[in-house]
Amino acid sequence: MVHRSVNNSARVLIAALFSTCLIPAFATAKDDGTSPVGTYLWYPEPGGPKSDQDCRDLVARIRPTKEKAEMSLWGSIPQSDPAAGSFYLLLSKTRMEPTYAAEGDYDFGNVRLGATQNGETPFELIPDDHPDVTIKGIVSAPQGGDIVTVILRGIPLDGTTTDRTVYYCRFDDLGTET
């Protein structure tokens, strides 16, 4: 996975609007027991975490914060930070923004979240790079658990479609000093 770069005026405008209007509305994932809106740390191991403890171990090692996630979105985390090289998902009521998406990818853009039931929230995503495509999916974020799973269904690939499952970990935003 490659960190995406902002390379045209439309993306710069979207980034500016996102930065000034939406980022302050992000809450850490544990703040809301029914909605998946929040900031999550990407789990890098294939197959995802096997237990909540796997997520807690990753969070303890990386020490993520909402601020670091926002910095990662813009590619500005200092290399000396334990979070350098880590990726995040910033999910608002209207945007899905993974910090690792590549140009032309299908996993970032405007999102419409459905009703959450039993920790699962269906969504429809209109990717920024493919505005004529609607990707349906599910965010699974059971209350009380540390593992968050995002499944994107029907992503176009080589003349067919495929599903993509990505795993994240919840974290409390306790890393900033006061």
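This is a short tour of a predicted model, with stops to select in your viewer.

**Before you click**

Residues count from 1 along each chain as its sequence is written, and side-chain values use heavy atoms, with hydrogens and water left out. Because this is a predicted model, local features need pLDDT of at least 70 and side-chain atom pairs count only at pLDDT 80 or more, while totals for chains, interfaces and linings use all residues.

**The whole chain**

Start with the cartoon view of the protein chain. Trace the chain along the sequence and the pattern reads α-β-α-α-β-β-β-β-β-β-β.

Of the 178 residues, 45% count as buried. Buried means under 20% relative accessible area, exposed means over 50%, and partly exposed is in between (1.4 Å probe, protein chains only). Among contacts with a separation of 6 or more, residues 24 or more positions apart account for 47%, a contact being heavy atoms within 4.5 Å.

**Stop one: three rings**

Select W42, F87 and Y100, which ring pairs link into a cluster. The whole structure has 4 aromatic pairs. Rings of Phe, Tyr and Trp (its six-membered ring) pair if their centres lie within 6.5 Å; planes under 30 degrees apart are stacked, over 60 edge-to-face, and the rest tilted.

Look at W42 and Y100 to begin with: the ring centres are 5.9 Å apart and the planes sit at 35°, so this pair is tilted. W42 lies in strand β1 (residues 38–42) and Y100 in the loop between β3 (95–98) and β4 (109–113), so the pair ties together parts 58 residues apart in sequence.

Then turn to F87 and Y100. Here the centres are 6.1 Å apart with planes at 75°, so the pair is edge-to-face. F87 sits in the loop between α3 (66–73) and β2 (88–91), 13 residues from Y100.

Are W42 and Y100 buried or exposed? Both are buried, with Y100 at a relative accessible area of 4%. F87, at 16% relative accessibility, counts as buried too.

**Stop two: R95 and E97**

Next, show the charged side chains. There are 8 salt bridges in the whole structure, each a side-chain nitrogen of Lys or Arg within 4 Å of a carboxyl oxygen of Asp or Glu. Zoom in on R95 and E97, whose closest N and O atoms are 2.3 Å apart. R95 is buried at 5% relative accessibility, and E97 is buried at 4%.

**Stop three: E124 and its partners**

Which residue forms a salt bridge with E124 at 2.4 Å? Select R112, in strand β4, while E124 is in strand β5 (residues 120–127), 12 residues apart; the 2.4 Å is between their closest N and O atoms. R112 is partly exposed at 48% relative accessibility, and E124 is partly exposed at 24%.

Finish on K136, in strand β6 (residues 135–140) and 12 residues from E124. K136 also forms a salt bridge with E124, with the closest N and O atoms 3.4 Å apart.

Methods
Helix = DSSP H or I, 4+ residues; strand = E, 2+ residues; numbered from the N terminus.
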